[in-house]
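Student: Hi! Could you walk me through this structure, a bit at a time?
Tutor: Happy to, let's open it up.

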Amino acid sequence: MAERDVTKQALWYSDDAPDPVRLGLLGWVLVVVRGLPLALMVLVGLIVLLTIRLFERPLCGMRRPVSAFVPQIVSRNAFRILGIGFQTSGELMRQHGAVVANHSSWLDIFALNARKRVYFVSKAEVAKWPGIGFLARAAGTVFIERDPRKARAQTKLFEERLKAGHKLLFFPEGTSTDGLRVLPFKTTLFAAFFAEELRDFMYVQPVTVIYHAPAGEPARFYGWWGDMDFGPHLLKTLGARRQGRVELIYHAPAKVSDFPNRKALAAHCEEAIRHAHALARPEK
């Protein structure tokens, strides 16, 4: 019971209940028309990715010169199938390093993969989730444990992945929201960037993720937070008669060695993301 309470405290909850999911006949038709091609594309993408890795792993080891493009292709086409607009601005980071972004929805995974080939960093429990854990492992997700005794081993893993050219992606808020706000960043994961093995060559690029709801729908339409069930939210997204758009803003990469500590670096990234988010949502 105590473990369950800790998990709930780590989530963000709105003062208002989530909007009810109402699907009419047209909505259910759209669920099928969009859902079947999306599921098929994800399945085919997974098969292609695993097939490529059979040859890529013994030849290239940790590097993924070909298979890394598969999640990107799937993600780009996911938005085409869903009918959700996709817009980006800013330059992609070319240096070794990580990407940090605000977190609003499961759609963030598609959005952040669509333009930039990234590898998500997730809590170790996700690896054990049915279905999702397998997909995450196949996509190259880095799983971490909140155990100080394993901090050095995890820093070594980060170093290996970063030197292999992987861009690791973190959600420093630690949870998702309704998309109308940016929560204070947790600084714990930023500490790994200051390890002696990483600090001198490491950069961090902040990215602001902004969801614009369909016309006539609540501004938090795409937000997924607290203990909201995935299934109903997925159905609502698939069955939307009109769709909105997602916007990504890539900010200038920050060199880790230019900052005195993890708190200063986290504050810099949070400010960049928060400022762009506020400009895009003046009504909030």
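Tutor: First a term: two strands pair if DSSP finds at least two bridges between them. Helices (H or I, at least four residues) and strands (E, at least two) are DSSP runs, numbered from the N terminus. Also, this is a predicted model, where local features need pLDDT of at least 70 and side-chain atom pairs count only at pLDDT 80 or more, while totals for chains, interfaces and linings use all residues. Residues are numbered from 1 along each chain as its sequence is written, and side-chain values use heavy atoms, with hydrogens and water left out.

Student: Thanks! How many bridges join β2 to β5?
Tutor: Four, and the two strands run parallel. Strand β5 covers residues 167–170, and Leu168 in β5 is the bridge partner of Ala98.

Student: And how many bridges are there between β2 and β6?
Tutor: Five, again in the parallel sense, with β6 spanning residues 203–212. Pro206 in β6 stands opposite Val100.

Student: Is β2 largely enclosed or open, and why?
Tutor: Largely enclosed by the rest of the structure, because five of the five residues of β2 (residues 97–101) are buried. Buried means under 20% relative accessible area, exposed means over 50%, and partly exposed is in between (1.4 Å probe, protein chains only).

Student: Switching to rings: how many aromatic pairs does the structure hold?
Tutor: There are 11. Rings of Phe, Tyr and Trp (its six-membered ring) pair if their centres lie within 6.5 Å; planes under 30 degrees apart count as stacked, over 60 as edge-to-face and the rest as tilted.

Student: What is the geometry of Phe190 and Phe193?
Tutor: That pair is edge-to-face, 5.7 Å centre to centre with 75° between the planes. Phe190 is buried at 3% relative accessible area, and Phe193 is buried at 2%.

Student: What about Tyr211 and Tyr222?
Tutor: Those two form a tilted pair, 5.8 Å centre to centre and 45° between the planes. Tyr211 lies in strand β6 and Tyr222 in the loop between β6 and α7 (230–238), so the pair ties together parts that are 11 residues apart in sequence. Both Tyr211 and Tyr222 are buried.

Student: Which residues do ring pairs link into a cluster?
Tutor: Trp106, Phe110, Trp224 and Phe230.

Student: Which charge sits over the ring of Tyr119?
Tutor: The charged end of Arg161, 5.1 Å from the ring centre. The rule is that NZ of Lys or CZ of Arg is within 6 Å of the ring centre and within 35 degrees of the ring normal. Lys236 also lies over a ring face, that of Phe221, at 4.6 Å from the ring centre.
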